[in-house]
Amino acid sequence: MHPIVKRLLSLSLFTLIMTFSCFSLLRLLPGDPVLTLLNIDELSATPEQIEAARRELGYDQPLLMQYVHWLQDILTLQLGDSLQTGRPVIEMLRESYLVTAELALGGIAVALLIALPLGIGSAMTTRHYVIRLANAVSIAGAAIPGFWIGLLLVDLFAVRLGWLPVMGREGMTSLVLPALSLGFPLASVYIPLIRLNLRRELDQPYIELARIRGVAERTILWRYALRGSLPPVLSVFGLTLGSLAGGVVVLEVLFTYPGVGKLMVDAILQRDYPLIQGYILLTTGVILVLHQGIRSLNRVLRPDWKRGTDR
């Protein structure tokens with residue numbers, strides 16, 4: 001079997017298992033989405049009302065049949081309408097994903113701005129204060145949860161100094177505190193990783209050969225050593241995509257940031273099954289696509305350019 005076909009089959013199987021598991025677990029949540037939709041409690045609702053609503057939504061069918069009908073809708077690019085707002089699920093998710101992508105990119109940018117200078121600096125120098133600073137940031141970022149960092153930042157920059165808004169999304173200033181809260185813990189993961197892999201790369205024979213040939217140290221660092229040390233870092237990033245998504249959800253709730261995480265928390269509280277199921281499907285697909293993209297980028301960064309620095 002061709003490797004591409006084999007990979008597509010494995011990804012499809014994984015998606016089916018993931019979506020069916022989540023689809024089934026949603027039905028174990030306490031509460032009845034039909035009663036939530038009717039905006040009534042069980043005592044004031046008549047059995048006829050409940051049964052008619054359940055039949056209209058298809059919740060009177062067996063679980064497997066509900067899942068099959070949902071898959072059929074997906075094949076026609078229909079994720080249904082929200083039970084609460086009546087808007088198409090795909091439209092709500094598209095709007096919220098754009099906001100979440102904004103926050104995630106901001107957090108990644110903050111992580112790079114912290115991790116790259118400290119990781120490269122601690123790998124290239126023997127000055128103790130640089131190494132101690134890198135270690136302190138790594139330990140602090142790993143030990144302090146992101147939401148606690150967010151609370152500390154809110155207390156300092158929003159409450160005490162009044163420089164930044166506390167919550168909501170009102171321009172780029174609203175992105176600063178959530179991005180810092182997301183990026184600081186991420187940076188703590190990559191600082192030691194960059195330092196370790198960069199030191200290992202700088203000890204490789206092709207680096208010594210480049211120095212003998214008179215290649216400038218700046219060129220050796222940015223064109224060869226740093227590029228060669230990136231694949232392990234990207235591999236770890238691919239493995240942490242799930243935790244990154246979880247951190248975004250927590251921070252969106254904390255800062256009332258109108259992204260997909262905040263949307264999903266509200267949907268779970270309101271038992272909005274179509275919205276939750278669409279989120280699970282799209283999030284699984286996005287993570288799989290990003291993971292495969294990172295693997296492909298790793299292959300690009302691993303060619304045999306190391307065999308000669310004059311290429």
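Predicted model: local features only at pLDDT ≥ 70, side-chain atom pairs only at ≥ 80, totals over all residues.
Is the crossing of α1 and α4 left-handed or right-handed?

Residues are numbered from 1 along each chain as its sequence is written, and side-chain values use heavy atoms, with hydrogens and water left out.

So, the overall picture. The protein has 13 helices and zero strands. Helices here are DSSP runs of H or I with at least four residues, strands are runs of E with at least two, and numbering goes from the N terminus. Of the 311 residues, 41% count as buried. Buried is under 20% relative accessible area, exposed is over 50%, and partly exposed is in between, using a 1.4 Å probe and protein chains only. Now take the contacts between residues at least 6 apart in sequence: 73% of them join residues at least 24 apart. Contact, by the way, means heavy atoms within 4.5 Å.

Back to the opening question. In general, two packed helices are described by the angle between their axes and the distance between the axes. For helix α1, residues 3-26, and α4, that angle is about 130° and the axes are 11 Å apart. That makes α1 oblique to α4. The axes are lines fitted to C-alpha atoms, for helices over the stretch in contact, with angles running from 0 to 180 degrees between N-to-C directions. As for the wording, under 35 degrees is roughly parallel, over 145 is roughly antiparallel, 65 to 115 is roughly perpendicular, and the rest is oblique. And the answer: α1 and α4 make a right-handed crossing. Right-handed means the near helix is turned clockwise from the far one by less than a right angle, and left-handed means anticlockwise.

Which residues meet there? On the α1 side we have Leu 16, Thr 19, Phe 20, Phe 23 and Ser 24, and on the α4 side Leu 63, Leu 64, Gln 66, Tyr 67, Trp 70 and Leu 71.

Phe 20, Tyr 67 and Trp 70 are linked into a cluster by ring pairs. Rings of Phe, Tyr and Trp (its six-membered ring) pair if their centres lie within 6.5 Å; planes under 30 degrees apart are stacked, over 60 edge-to-face, and the rest tilted. The structure holds three aromatic pairs. One of them is Tyr 67 with Trp 70, a tilted pair at 5.9 Å centre to centre with 45° between the planes. These two sit three residues apart in helix α4, residues 63-75, so about one helical turn separates them. Tyr 67 is buried at 6% relative accessibility, and Trp 70 is buried at 7%.

Another pair is Phe 157 and Trp 163, tilted because the ring centres are 6.1 Å apart and the planes are at 40°. Here Phe 157 is partly exposed at 22%, while Trp 163 is exposed at 60%.

Next, helix α5, residues 89-124. Its axis comes within 7 Å of that of α12, and the two cross at roughly 135°. That makes α5 oblique to α12. Met 92, Leu 93, Ser 96, Tyr 97 and Thr 100 in α5 meet Val 260, Gly 261, Leu 263 and Met 264 in α12.

Also in α5 is Leu 103, buried with a relative accessible area of 0%. Leaving out residues up to four places away in sequence, Leu 103 touches Leu 175, Pro 178, Ala 179, Leu 182, Val 248, Glu 252 and Tyr 257. Val 248 is 145 residues away along the chain, yet the two C-alpha atoms are separated by 7.5 Å.

On to α8. Where does this helix kink? The kink, about 30°, is centred on Ala 187, within residues 173-202. The bend at a residue is the angle between axes fitted to the seven residues ending there and the seven starting there. In α8, 21 of the 30 residues are buried, so the helix is largely enclosed by the rest of the structure.

Last stop: Thr 256, in the loop between α11 (241-254) and α12 (260-269). Thr 256 has a positive phi of about 50° although it is not a glycine, and it is partly exposed at 34%.
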